[in-house]
Structure formats: structure tokens, C-alpha cells
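Please open the structure in a viewer and keep the selection tool at hand. The stops below proceed from one selection to the next.

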Amino acid sequence: MAPATTLEAPPEGAVAPPGAIRKRRKPQLAGWAYAAPTALFVLIFFIVPILLVGQMSISDWGLFAGNRGINAPENFTKVIDDRLFWPAVWFTLKYTVVTTVILLGLALGLAMLVQEASRWTGFLRTSFLVPSALGLASASLLFYALYSPQSTPLKFLGIDSFLGTPSAALWSTVALIVWRFAGFYMLLLLVGLQGISGDVYEAARLDGAGRWQTFRYVTLPLLRSSIALCTILCVTGSMLAFDQFYILTKGGPDNSTITIVQLVYNMAFFGQNNLGKAAALSILVLVALLVVNVLQFRGLRDKES
Amino acid sequence: MSWIKTPQHVLAGGLALIFLFPLAWAAVASVSPQGGTAQTDGWGFGNYVTLANYQAGIGQYLINSIVVSTLTVAVTLGVSLLGGYAFAMFTFPGRNALFLVTLAILMVPYATLLIPLYVLLNQLGLQNSLIGLSLVLAMFQLPFAVFMMRISFEAIPAELREAALIDGCGSFRALRHILVPAVKPGLITVGLFAFLAAWNDFITPLVLISDSDKAPLPLAVANMRQQVMGIVDFGATEAGVVVLALPCVLLFLALQRHYVRGFMSGALKG
């Protein structure tokens with residue numbers, strides 16, 4: 001982030017004007033006054049909840065019963081022993097890998113297709129982007145109707161059931177997510193593509209590089225930071241998937257599509273009513289997310305050097 | 001070169017149709033005749049009538065959504081305008097720490113925050129309330145909003161900023177009369193994204209709102225599917241999707257430029 005030019009030390013500061021002392025104090029106070037609402041919000045709705053979730057994770061804390069004292073580390077052992085824990089971890093990882101690979105591959109293809117500016121590509125960009133305007137829940141409801149045997153217009157595809165078997169449910173959800181997010185990632189990659197100067201392509205052409213070689217040795221390396229941003233966003237989003245599975249599959253069939261965040265929700269509000277256990281699992285999710293993102297950042301930095 | 005492009009055109013056009021198809025289908029299906037819905041023969045708005053009469057009535061859910069969206073946008077704009085101004089134009093102790101902590105909200109999953117917020121809002125007397133819901137949604141918007149407003153203020157030419165403050169204007173008058181007009185594009189982007197997030201959010205009201213009359217629209221339409229003895233009225237669901245999607249698509253088409261801007265300055269939340 002660029003360091004902010006501040007008004008605390010005006011350029012004429014060397015020849016201190018009469019009001020300098022007063023002026024130097026005031027910006028600090030004023031600065032705090034303007035930042036106060038942000039600070040208050042962050043404190044009440046972010047810092048306090050983070051501390052509270054830590055306390056809840058080591059307490060016997062029921063949804064209705066409330067806090068019944070410390071019981072560490074019972075919540076964590078109960079979470080790991082939960083019969084749905086490992087299946088949910090495995091499914092979430094599988095879903096994350098599948099979604100990220102397909103989504104970024106397609107988004108890159110779309111970005112290359114609409115790279116040049118013209119009326120036609122303008123229309124294409126808008127078409128690919130419109131689904132990104134919908135909320136994820138709205139998109140999931142739309143596909144819920146699209147996939148139902150009663151109302152589906154997709155009978156010609158010859159698919160018996162879009163959500164009936166575990167693998168059908170996974171792929172149907174991936175299709176929904178690809179539809180909803182491909183335009184969004186296309187746009188991010190397009191920004192990267194447009195940052196590549198035409199001279200580089202010209203040089204590649206003069207060196208006799210073919211289209212594939214240009215793509216592989218010029219475009220991809222220069223696009224690395226955009227691809228990295230997309231990967232981090234996509235992995236994070238997929239690891240925390242909830243809406244699409246809650247609406248489309250409800251975790252079924254046979255609990256085969258339960259994600260980690262769904263498990264958090266179920267532990268807290270659905271059946272078990274155990275906020276302590278849900279807090280413990282949500283802390284594990286937070287830690288996993290931090291570790292994955294640190295690893296991604298480090299991997300990308302190593303490649304860069 | 002152009003003859004090479006013909007298959008590419010066909011491919012791209014086909015893809016565009018595939019992307020547009022689900023939305024077009026939902027709009028058409030919601031008014032077309034279909035067994036098991038309110039619209040069994042002939043075309044018409046029977047499904048919308050079902051939707052209008054569902055439980056508290058779609059009017060109530062629309063009002064809930066509008067209240068939550070308006071409050072979220074207002075709070076997000078107010079807090080991030082002042083916060084962005086503070087971070088960009090003043091130095092004060094704790095400035096960098098506060099900015100980093102605000103951005104750190106992004107690193108924490110919604111679920112991890114919603115579990116304690118459910119308890120905390122109970123203690124604050126904001127449980128099951130649209131105000132509590134709006135404040136939480138505004139908090140989720142803060143990292144993007146404060147970041148966006150900070151870079152908007154920093155992009156103002158230094159001469160204008162200094163002139164505004166040195167001219168004997170107090171810093172608040174400088175903000176109101178000179179600087180707010182200069183950061184208007186940033187405000188529109190922040191407002192647009194806050195609106196879309198509040199209008200579309202699902203998991204936050206699912207956790208924080210237990211009274212079905214207070215459900216915002218996405219939650220109400222999702223709940224509607226589980227009604228009527230397990231038989232789902234897909235016509236009403238399609239109509240609900242159209243009502244949910246229409247404002248978003250219209251806003252998108254009208255403000256595409258701001259969308260792109262928002263996406264580019266570090267798009268959030270996959």
C-alpha cells in the first residue's frame with residue numbers, strides 16, 4: 001500500500017508558522033475522531049466475537065442452555081470424533097480442487113476469447129458477467145428448479161437425476177458455481193491480460209513463436225499474479241462453501257455432500273444444538289484457512305524469485 | 001486473420017447463449033403453464049400470486065429486504081467514508097494497526113464469526129432484529145469499503161487536499177464540500193457492493209433471524225420450498241428467483257462500469 005501523504009507535516013513545516021503547534025496536535029485528534037466509528041465497529045462486531053468464539057470453543061455451551069463452564073478440550077475431541085467430520089473434510093477438499101481447476105481453466109479461456117475490445121466482445125463479456133450479479137443463494141434456487149425432474153428443461157441431456165447420486169450432486173453443484181463465477185474470474189484475468197504490453201507479443205512474433213508457444217511462454221508467466229489472486233479467492237471461497245449445498249443438496253444424498261461450514265451450522269442449530277462444539281470446529285476452519293493461505297502466498301513468492 | 005476467427009465466433013456465441021440460458025429460462029418458466037404450480041393452463045402470473053400470498057406475503061419479505069439493504073448501505077457508507085478519510089489524510093497512533101485489523105475481517109470465515117455473534121446479539125438485545133442483521137452485514141462489508149474509500153481519498157490530487165484544509169475550512173467542512181464530490185465514484189462502488197451483499201446474503205439471516213416474518217427475501221424463498229407437505233411448488237420458486245434477480249441484473253446493467261471498478265480493486269468473497 002502506498003504510504004499516505006499526510007497533512008501533519010506540511011511542506012512549509014521547516015519555517016514553522018505561528019499556529020504550527022496547535023495544528024500538529026489537532027490532526028491526531030481529528031484522525032481518531034474520524035476513525036472512531038470504524039474502530040467501534042471492528043471492536044464490537046469483530047474483536048469481541050473472535051474472543052468469544054475462543055471462549056465458547058473451550059466451554060460446554062448449549063444453544064438454549066447457554067454457558068455451563070469450561071470443558072476443554074472436550075469440544076475439540078468431540079468434533080474430531082464426529083462421524084461426519086472426516087467425510088466433510090474430504091468432500092470439501094475434493095470440491096475445492098475440482099471447482100478451482102475447472103473454474104480457472106474456463107475463466108482463462110473466456111478471458112482470451114474476449115480480450116480484444118469490440119462490440120461483439122462487449123456483448124460476450126456482458127453475457128458471461130450477468131450471472132455474477134445474482135446472489136449465490138438466488139443462483140442456487142434457480143438451479144434447484146432447473147435440476148428438478150418436475151420442471152427441468154434439460155431432459156434432452158439424458159441425465160436421469162441431477163442430484164440423486166453423490167457424484168451427480170457434486171458435478172451439478174460445480175456446474176452451478178462455474179456458471180455463477182466464471183465471468184467474475186474472467187474479468188480479473190482480463191485485467192491482467194490487458195496489463196501485458198503489445199511489444200512483448202510483437203517480440204515473440206518476431207522470434208518466430210507460434211500461438212501455443214506465445215501463450216505458454218509469454219502470456220502465462222506474465223499473468224502469474226492475476227492467476228494467483230484468482231486461485232486464492234477461489235480456494236478460500238470453495239473451502240467455505242455453504243449456500244449452494246444448503247439449498248441444492250441439503251448435504252445429501254446420504255450426507256455425501258456435507259461441507260465443513262455446513263457441519264458447523266448443523267452442530268450449532270440443527271439437531272445437536274451444541275454451540276461449543278460448533279465454535280471448536282469453526283476455529284479449526286479458521287486455522288486451516290490461514291495455513292492454506294500462508295502456504296499459497298509462500299508458494300507463489302518462491303516461484304517469483 | 002479474420003477467416004481464422006469464424007469457428008471462434010461460433011464457439012463464443014454458443015458459450016454466451018449457455019450463460020444466458022438459465023436466466024432466460026427462469027423468467028419464461030415463471031409465467032408459463034406447468035403442472036403442480038398455480039399456473040397450470042395458459043400463460044400468466046399465477047406463480048407470482050402464490051408468492052404474494054405465501055405466509056406473511058411477499059410484501060413483508062420485500063420490505064424486510066429493503067430495510068436491511070438500506071440500513072446496511074447507509075451504515076457502510078457512513079463508517080467507511082469517515083474511516084477512509086482518517087486513514088488517507090491523518091496520522092494518529094494506532095492508524096496502521098486499526099487498518100490491518102479491519103482488513104483482517106476478510107481472513108475470518110463468516111461461520112466463525114456468526115456463532116459468537118448469535119450469542120453476542122442476544123446479550124445486546126439485538127437478537128432476531130433487522131437492525132442487528134444490518135450492523136453485522138455492514139461489518140462484513142468494512143474491509144472492502146474502508147480500503148476502497150482510503151484509496152479514493154489518496155487518489156485525490158495533493159494540491160486539492162491541501163488547499164481544502166489550509167483554506168481555513170475545518171477538516172469536516174473540507175470533507176463535506178470539497179472532498180465528498182471528489183470521492184463520489186468510490187462511494188457509488190461501495191454502496192453498490194454493500195447493497196448487493198445485503199440483498200443477497202443468505203447464511204447471516206439464516207443464523208441471526210429466527211422469526212420467519214422477519215426473514216429477508218432469499219431466506220423466505222428458500223423456506224418456501226420446504227412447505228406444503230414436502231411437495232415443492234417450482235413455479236413459485238421460479239417467480240421468487242425472478243424477483244430476487246431482477247434488481248441485481250438491472251443494477252448490473254446500469255452500473256457495469258462501477259462493477260468492474262469494484263472487482264478490480266481487489267474483489268472479495270469467492
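## A guided tour of chains A and B

Begin by selecting residues 89-296 of chain A: the end C-alpha atoms of this span lie 19 Å apart, and the span is 75% helix and 0% strand. The model in view is a predicted one. The UniProt record, an unreviewed entry, lists residues 89-296 of chain A under "domain: ABC transmembrane type-1".

**Annotated spans of chain A**

Next, colour the spans of chain A that UniProt annotates as "transmembrane region", again in an unreviewed entry: residues 32-54, 95-114, 126-148, 168-193, 214-242 and 275-295. Residues 168-193 of chain A are 100% helix and 0% strand, and their end C-alpha atoms lie 35 Å apart. Residues 214-242 of chain A are 86% helix and 0% strand, with end C-alpha atoms 39 Å apart.

**Two backbone details in chain A**

The peptide bond that runs from A:Ala72 to A:Pro73 is cis, with omega near -5°.

Move on to A:Lys250, which is found in the loop between H10 and H11 of chain A.

**The contact between the chains**

Show both chains and select the residues at which they touch: 75 residues from chain A and 74 residues from chain B take part in the contact. On the side of chain A, the elements that each give two or more residues are helix H1 (20-57), helix H4 (119-133), helix H5 (136-147), helix H6 (166-194), helix H9 (224-239), helix H10 (243-248), helix H11 (260-269) and helix H12 (275-304). H1(A) provides the largest share of this side, with 19 residues. Colouring the side of chain A that touches chain B by residue class gives 58 nonpolar, 15 polar and two charged residues.

**One helix pair across the contact**

The crossing of H5(A) with H12(B) is left-handed. To see the contact, select A:Ser138, A:Leu141, A:Leu142, A:Tyr144 and A:Ala145 of H5(A), together with B:Phe234, B:Thr237, B:Glu238, B:Gly240, B:Val241, B:Leu244 and B:Ala245 of H12(B). Eight nonpolar, three polar and one charged residues make up the contact of H5(A) with H12(B).

**Annotated spans of chain B**

Turn to chain B, where the UniProt annotation "transmembrane region", from an unreviewed entry, covers residues 61-85, 97-119, 131-151, 186-208 and 228-255. Residues 61-85 of chain B are 100% helix and 0% strand, with end C-alpha atoms 36 Å apart. Residues 97-119 of chain B are 78% helix and 0% strand, and their end C-alpha atoms lie 27 Å apart.

**A helix pair inside chain B**

Select helix H3 (residues 58-89) and helix H9 (residues 184-200) of chain B, which pack at an angle of about 145° with their axes 8 Å apart. H3(B) passes H9(B) in a right-handed crossing. On H3(B), the contact residues are B:Ser65, B:Val68, B:Ser69, B:Thr72, B:Val73, B:Thr76, B:Leu77, B:Ser80 and B:Leu81, and on H9(B) they are B:Leu187, B:Val190, B:Gly191, B:Ala194, B:Phe195, B:Ala198 and B:Trp199. This contact of H3(B) with H9(B) has ten nonpolar, six polar and no charged residues.

**The domains of chain B**

Finally, colour chain B by domain: domain 1 covers 1-30 and domain 2 covers 42-264. The centres of domain 1 and domain 2 of chain B, taken over C-alpha atoms, are separated by 32 Å. How many residues does each domain of chain B give to the contact? Domain 1 of chain B gives five residues and domain 2 of chain B gives seven residues. The side of domain 1 that touches domain 2 of chain B has four nonpolar, one polar and no charged residues.

Definitions and conventions:
Residues numbered from 1 in each chain as written. Chains lettered and ligands numbered in written order. Predicted model: local features only at pLDDT ≥ 70, side-chain atom pairs only at ≥ 80, totals over all residues. Contact = placed C-beta atoms within 7 Å. Helix = DSSP H or I, 4+ residues; strand = E, 2+ residues; numbered from the N terminus. Nonpolar A, V, L, I, M, F, W, Y, C, P; charged D, E, K, R; others polar. Left-handed = near helix turned anticlockwise from the far one by under 90°. UniProt positions renumbered as here; feature names shortened; annotations may be inferred. Domains from an automatic or database assignment. Axes fitted to C-alpha atoms, helices over the stretch in contact; angles between N-to-C directions.
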